[in-house]
Amino acid sequence: MQTEIHIPVKRRDLRDFIRLIMAFFLCLIASALYQNITLYSAGVLDSVFNKSLLLLVVHHLGFVSLSALFLVFPYKFLEQVKANAGFKMVSLCLVILLGAEGLLIKYYVDNYEILGAGFVERIEALGGWSFLYYSPVFVFFAVVLLYLSYRITANAYTLVNRMYPFTLILFSLFLATLITRKNPVNENKTQHLIYHQFEEFTDFNKYDGEAEYPLLRRYEPESELASYLALKEESPNLVFIVMDGVGSDFVGEKAPFKEFMPFVNSLVNTSLYWPHSLSNTGEPVASIPSIFGSLPSGEEGFTNLEFLPESYTMFDLLNDNGYQTSFYFGGNISLENLGKFLHKEEVGLISGRKAFGPRYTAQEEDAAGVSLGYPDAELFRKWFDDFTSADRPRLDAFLTLSTRSPFHIPSQDEYRKKVEEISENSRMSDRNKRLIRKNREVFASLLYTDQAVQTFLEGYRRKAEFYNTIFVITGTHNLSELPQKDYLGRYRVPLILYSPLLKSPARINSLVAHTDILPELAGLLNSQYHFTMPDNVSWLGEGLVHKGFFKKDKVIPLYRHRGNLQEYIRGNICLSGNSLYGIGADLSLYEPKEVEGKDELIADFRKFRAVNRYVTRNDKLTPGNLLAKDTLNPEKERSEMVWINSVFNSDDYDNAYKTARDLAISGDRDRALLLCEHILEEVPGHADTEILKGRIYAWNKQYDQAAKLLEKTVKKYPVYADAYSALLDVYFWSDTNFKALDLKSAIIKNRIYNEELKSKIRRAEEKMKKEKTLFNDHNLGYLNFEDDGYE
């Protein structure tokens, strides 16, 4: 009898699993090469082997580590159940992942964009699923590559034998990739798609309405405000003073600390005053889109959105109707991406701390050695120094900072003494006096800002423009350094409309918010001056004047801080979290005995949060065709972004500037210009990049374009020597040296003592002297630096 011999199938161990994972990684490296070779062949990338390829390999390594973490447990389990079962399962999974990565790369190199959440709609919008025809090809190559790579790893026995501790390193590398900045060109496409699909799937508060633009509505240009004003034939100038941290605790009839802002409080009696006014936010910068755009906050604040949606703001309205616009802030204009927002809104002059110079005194440094910028009196003085009368109406907006921590102000000891005097001589409660003693620097800063505002308005009164100007004065939020009695306290702010155009002062009791300012003023200007504006808008507000305290269905969303849209008002009810409160006559909250429609209100709030997220994430505020703004070729823009992402992969825009400068010096000016434009889109206040862009225009002999850009740069950064230097070169190369005389006056005025500038101005004067233009055409005589006090 013949004995049967059974040869048992050998079970796979962890070493075989690691070999498979290594093979998977090698295949992903091959896919990375395929991507870069394709993009290089299309002229999108400058080279195949570059920094972005290295970063892509690193991110592939992170994806491999994550895949291994998920697959190792079922692999071990199946191998225990049946020999080779775990090996086959993992091999199949890896082939599927490789095939998917190949298809996603194919889509990326064809369309220059990466697929994420909502990928089905995006694919259909771009012409369908034709790229899926390549599925069999990519699956075939995935099988072949994985098999060959697995065979290659057989020769790495010594390395594999020591892989057990290395798996910890792999996992650590994966964790590191989570905090590494990713761009589409250097990101694992499969991981990106899975992550964003999972995020969308787990979002249980999604917008499911039928309207593509849910906030878009027809706007009726009516204004109750017109009845309070004796308007002139010419449209009025507008001045906004937005005071950081100044809430209704300091301004108003019942303000507990109104003694510390005596001038602003005096305006309450000579102006239109809204005692029931709210900020839509608890943060300074976040108030600006609310005031000037009546915009939703998004999840992180409107200015912090990765891509700013198309919108129609007060700046758009006034620019479209011939206004001159400016925005002044003594601090870093890039803070919370404020500059990016203002730049997108095409504000004519954006003046931040870089525009100040040695003629102005910065705020004292804090304990960390950092100064917030320039105090409020210097901010207003800067505006007066820049001021020139224009033949058109103007909007001037100010955001103050002296009432912000650490509350360092000029002459601090003097203002602290005033605080003590006021506290001693007032009839305040003992509790409030204790608060004042504990926070002397806070109250000193309020006195200082109040004095700065008074000086500004008194100076403005001496200008002819004053008699046709409307001043809007408000605060960003109530100071968080002082305790609030309820959730609504942080949002209570003064709102004052002061103007010589007022027929008489009035107290308007309507419950209003910052988002109501733009609709009211737009209605005023449109109804009285027939302003051009879209028929449809996406503004959250409704206007500043309505009958009674509450308007039944009026909604006011309240954005507490980043990532926290927590409070919501409808009518006379405030929802905070899941708690409902009634709103009292002094904007205090109380617990009502009974609330009708509680469930409906909670559902409305959830719906609003969903809409808020949807419109800001998906650019669904306002259709671009309603705004008549120039748009780029989308396909060209996407291909350019692929190249930008390949050379710049961080938030260090100084480093990006150096890359652009090196490209320009090496002769690749088109690429340098492209990178400059990207930097200025993200950080509009990057002066060095703006100057480089002007120089590139000049090197390309586009002198008019270079001069126009650099003249704006000099105006924005009047103390920046490099801007003057570049502009003097443009004037010299374009034979417009007579313009150097005006530039020389600005250099002397701003005390820029620079040998290079002296040399270039002498060069211009010498050339004009030789050409006799200085004497014959201008009759100005030869100008010496010494005669002008420029030593």
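How many nonpolar, polar and charged residues does the lining of the second largest pocket have? By class, there are 10 nonpolar, 7 polar and 8 charged residues; here Ala, Val, Leu, Ile, Met, Phe, Trp, Tyr, Cys and Pro count as nonpolar, Asp, Glu, Lys and Arg as charged, and the others, Gly among them, as polar.

## Ground rules

This is a predicted model, where local features need pLDDT of at least 70, side-chain atom pairs count only at pLDDT 80 or more, and totals for chains, interfaces and linings use all residues. Residues are numbered from 1 along each chain as its sequence is written, and side-chain values use heavy atoms, with hydrogens and water left out.

## The second largest pocket

That pocket holds about 540 Å³ of space. A pocket is an open set of points on a 1 Å grid over the protein atoms alone, with protein on both sides within 12 Å along at least five of seven lines, and lining residues have an atom within 4 Å of a point. Grid points are joined across faces, edges and corners, and a volume is the space filled by probe spheres set on the points.

Of its 25 lining residues, Lys254, Pro256, Lys485, Arg492 and Asp586 lie nearest the centre. Helix 15 (residues 430–438) gives the most to this lining, with 3 residues. Helices (H or I, at least four residues) and strands (E, at least two) are DSSP runs, numbered from the N terminus.

## Cavities

A cavity, on that grid, is a set of points where a 1.4 Å probe fits but cannot get out. The count comes to 4 cavities of 30 Å³ or more. The largest has a volume of about 130 Å³, and of the 18 residues lining it, Ser290, Leu295, Pro296, Ser297 and Tyr559 are the closest to its centre. Strand 13 gives the most to this lining, with 3 residues. The lining of the largest cavity splits into 11 nonpolar, 7 polar and no charged residues.

The second largest cavity comes in at about 40 Å³. Its lining divides into 5 nonpolar, 2 polar and 2 charged residues, with Phe549, Phe550 and Lys551 among them.

## Helix 3 against helix 5

Helix 3 (residues 85–111) and helix 5 (residues 135–153) pack at an angle of about 130°, with their axes 8 Å apart. Axes are lines fitted to C-alpha atoms, for helices over the stretch in contact, and angles run from 0 to 180 degrees between N-to-C directions. The two helices are therefore oblique to each other: under 35 degrees counts as roughly parallel, over 145 as roughly antiparallel, 65 to 115 as roughly perpendicular and the rest as oblique.

Contact means heavy atoms within 4.5 Å. Residues that meet include Phe87, Leu94 and Leu98 in helix 3, and Phe138, Val139 and Leu146 in helix 5. By class, this contact has 11 nonpolar, 4 polar and 1 charged residues.
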